[in-house]
Structure formats: structure tokens, C-alpha cells
Amino acid sequence: MLNNNNEVCPYILLHEGLVKESNPKMSRNRVLKEHNKTFLDWFKDTIFADDNASKMLRKLADGPKRNVITWQGYDINKYSFYTKAQDKKSIMQNSGVTLRAESQHFASVHDDNPRIASIPYFGFIKEIWEFNYVKFIVCVFKCKWVDTNTGAQTDDVGFTLVDLKKLAYQNGPFIMIEQAKQIFYVQDPCDERWVSGSTRENNLC
């Protein structure tokens, strides 16, 4: 949720720069891993040392209540989202999610030259978490995401096919519920490994 807050973004860029400055020989991939590992503690110390930090930043730095509420379903923007487990109990499919996000894309774990690109991600909801920050509530989807390098392809007629068994991005499973776009997966009749998807608006991916 910190990665998706506009007030936090400058601190994320600052911390990435500090990690790189402290480790000039570290690869870009390793810099990002070290940033993800150490950012939370650094952010908390930085915010509480700044008398001019906003109330929002202080609440985010302090963290939510320890008790996290979980849901099997959640309604937002006229859509009903389910977890994958809840989908199995229903005749409807509501656990599929997709979003397009700008991110640093590495071709492999050895790639040290990431490119910034707007990339579509495909997956399904594993869990739904609700965090209580006292003054406000934040709800996120914990998702399983398909590896865009090996689990997605475009067929001969331009449709995107995904393999829901080829998963990746375990370090970044969460998205804000407002980011999620619902998608319905349909088995490819030519190859059972692949599924194609359509959104609620009936636009094929």
C-alpha cells in the first residue's frame, strides 16, 4: 500500500537512491531487492524524525492495527470480487484480476538493464485483507500473478493467452482494490495449458 500512495512515492525514490549510493557496485536488480527489504524501517524512522510530516504519512509509518480482517468477497465499483477459494464454491468466476502498471521490467534474474514499460499483469485473488489505520481503512487483494516472461503470449489472431500455473512476483503480491480490473478466464480449446481472458466490458485482453 505504501508503493501506491502519492505522498510516499518521493520517499521510495529517495531510499532507492540512498541504497544505490551506499552500494555503487551493486546491480540494479539487487538494489531493488535491498530497497524492498529495508524501506519500511527506514521510512518509519525518517517520518517520525520529521516534525513537518503529514498526519497521513505518520499513520502509514506507524502501521495498521495488528488484527487484520480477511474477506472471501468484496464489492467495489459495482463489481463483486471473490477469492479463488470462494470461486470454487460459486457458479460464478469472480477471482480473476488484471491491471496495467508502469514498472521496471527485468528479462531475467541476471538482467541488469531493466526497462520501464507499461505492462499488463494477469492473475487471481488469493486473499482479501482489510487494514485498520484508525482514521481510515485500506483494503488490498493478495494475488497470484502470472509470469509475464514465460506465462503470457499472443496468438496468431492477436489475443493474449496466459498460463495460470506459471506464477511469479512473489515479493509483490498485493494491489489496492481500486487498481483491480475484473477478468474472466476461458480455457483455450486448442491447448489446455492456456486461457484467454475478457473483462467485464467484454473487451478481450
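Helices (H or I, at least four residues) and strands (E, at least two) were taken as DSSP runs and numbered from the N terminus. On this basis the protein contains 4 helices and 12 strands. The structure is a predicted model, for which local features require pLDDT of at least 70 and side-chain atom pairs count only at pLDDT 80 or more, whereas totals for chains, interfaces and linings use all residues. Residues are numbered from 1 along each chain as its sequence is written, and side-chain values use heavy atoms, with hydrogens and water left out.

The C-alpha trace of the protein spans about 60 × 40 × 25 Å along its principal axes. Of the 205 residues in the protein, 38% are buried, where buried denotes under 20% relative accessible area, exposed over 50%, and partly exposed the range in between (1.4 Å probe, protein chains only). The protein exposes about 13000 Å², of which carbon and sulfur atoms supply 50%; accessible areas come from the Shrake-Rupley method with a 1.4 Å probe, and for residues only the protein chains shown count as cover. With contact defined as heavy atoms within 4.5 Å, 53% of the contacts between residues at least 6 apart in sequence join residues at least 24 apart.

Charge was examined with Lys and Arg counted as positive and Asp and Glu as negative, His and the chain ends not being counted; the place of a charge was taken as NZ of Lys, CZ of Arg, CG of Asp or CD of Glu. The mean positions of the 27 positive and 25 negative charges of the protein are 5 Å apart. On the surface, Lys84, Lys88, Lys126 and Lys144 gather in a patch of positive charge. Patches are made of residues with over 30% relative accessible area and no salt bridge, like charges being joined within 9 Å and nonpolar side chains (Val, Leu, Ile, Met, Phe, Trp, Tyr) within 5 Å. Within this group, Lys144 belongs to strand β6 (residues 137–146) and is partly exposed, with a relative accessible area of 37%.

A salt bridge was assigned where a side-chain nitrogen of Lys or Arg lies within 4 Å of a carboxyl oxygen of Asp or Glu, and by this rule the count comes to 2 salt bridges. In one of them, the side chains of Glu16 and Arg28 meet at 3.4 Å, N to O. Glu16 lies in helix α1 (residues 9–22) and Arg28 in helix α2 (residues 28–48), so that this pair ties together parts that are 12 residues apart in sequence. Glu16 counts as buried at 13% relative accessibility, whereas Arg28 is partly exposed, with a relative accessible area of 23%. A salt bridge is also formed by the side chains of Asp191 and Arg193 (2.7 Å, N to O); here Asp191 is partly exposed at 22% relative accessibility, and Arg193 is exposed at 52%.

Positive phi values in residues other than glycine were found in loops. For Val134, phi is near 75°; Val134 is located in the loop between β5 (115–132) and β6 and is exposed, with a relative accessible area of 56%. For Tyr169, phi is near 60°, and the residue is placed in the loop between β9 (167–168) and β10 (174–176), where Tyr169 is partly exposed with a relative accessible area of 30%.

The surroundings of individual strand residues were also examined. Ser118, in strand β5, is partly exposed, with a relative accessible area of 39%, and, not counting residues up to four places away in sequence, touches Arg100, Ala101 and Glu102. The C-alpha atoms of Ser118 and Leu99, 19 residues apart in sequence, are 10.0 Å apart in space. Leu161, in strand β8 (residues 160–162), is buried at 6% relative accessibility; with residues up to four places away in sequence again excluded, the contacts of Leu161 are Gly151, Ala152, Gln153, Asp155, Asp188, Trp194, Val195 and Ser196. Leu161 and Ala180, 19 residues apart in sequence, are separated by 19 Å from C-alpha to C-alpha. Ile183, in strand β11 (residues 181–187), is buried at 0% relative accessibility, and the C-alpha atoms of Ile183 and Gly96 are separated by 4.9 Å, although the two residues are 87 residues apart along the chain.
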